[in-house]
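Welcome, and please open the model in your viewer with the sequence alongside. We will go from one selection to the next and look at what is there.

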Amino acid sequence: MNLKKQLKIKKQRTTEVPYTEEDKEFYYSLVQQVEANAAARAAEKKRVSLWKIVTPIATVTAAAIITVTCIFATRSNNEFHYSDEKIKSEDSTFASLKTDSTYFNFDQLEDISYNVILMSDTQSNDKLYYRLNSRINLDTLELVVVINERFNYKFEIKDEVTKTLSDYSLTYNKKEYTSSNGFDGFTYLGKIQVQTETVYFTYNQLPALGDEAFFESIQQIIQVKK
């Protein structure tokens, strides 16, 4: 006999036969049990309902946190930059330049003087770029070899043209000038980019022999690693 049926019978007895003390105790115990069961079911239902509400909210919140974290991580990575005020310079070697460059190879020609400087970040000690100065007879060549793809080297070229050579293409402009001894010369200002590395150059040609002589000279020094 289930609990509801027993309560119904007990209720009928109140109109038919007077309760004994034993009946009263049994009746009250049943009432208390029913109330406890009802309260337990209500509490369980409340917990289930609350969980149904909380779970989607928690899921959405967690997804939002992950998304925001990814956005900030990506943004932080993309917007990372080195400070020009925290760059140090130190003497380096031609061999170090060749080793640290991933895509470029540099040929050290005979009877040409070279001065190689390494520029690094003072906080992270990351290598940023090399500066190479050389003299070829009366010509002078300055190279800036940016080996760190996150470093933005400030270099502006106006009215540039593009020339495709055997190993790479270079972007440059040319200006004519007159030296202090009265010779006419050309200044070539430009860049060569291969993958994530860029070489910026300033080439002063004296006397002014023209573009083909410049292309031949630049290819002798700057090559692409095979």
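Before the first selection, a word on names: helices (H or I, at least four residues) and strands (E, at least two) are DSSP runs, numbered from the N terminus. Two strands pair if DSSP finds at least two bridges between them. Residue numbers start from 1 along each chain as its sequence is written. The model is predicted, so local features need pLDDT of at least 70 and side-chain atom pairs count only at pLDDT 80 or more, while totals for chains, interfaces and linings use all residues; side-chain values use heavy atoms, with hydrogens and water left out.

**Stop 1: colour by confidence.** pLDDT is the predictor's confidence in each residue, from 0 to 100. The chain averages 79, and 64% of the residues score at least 70. Now select residues 1–7: the pLDDT there is below 50, and beyond near neighbours in sequence the stretch has ten contacts (heavy atoms within 4.5 Å) in the model. Residues 13–17 are also below 50, with two such contacts.

**Stop 2: the sheet.** Show the strands as a cartoon. In which order do the eight strands of the open sheet lie? The order is β1-β3-β4-β5-β9-β8-β7-β6, with antiparallel pairing. At the edges you will find β1 (87–91) and β6 (161–164), each pairing on one side only.

Stop 3: Select β6 and β7, which a hairpin of four residues joins. Their antiparallel pairing runs over four bridges, and V161 stands opposite Y172 in β7. Along the way, L170 faces I192 in β8, and K174 has Y188 as its bridge partner. Finish at the hairpin of β7 and β8, where five residues lie between the strands and G182 takes a positive phi near 95°.

**Stop 4: aromatic rings.** Show Phe, Tyr and Trp (its six-membered ring); rings pair if their centres lie within 6.5 Å, and planes under 30 degrees apart count as stacked, over 60 as edge-to-face and the rest as tilted. The count comes to 17 aromatic pairs. Zoom in on F94 and Y114: their ring centres are 4.9 Å apart and their planes at 65°, so the pair is edge-to-face. F94 sits in helix α3 (residues 94–100) and Y114 in strand β3 (residues 113–121), 20 residues apart. Both F94 and Y114 are buried.

How values were computed:
Buried means under 20% relative accessible area, exposed over 50%, partly exposed in between (1.4 Å probe, protein chains only).
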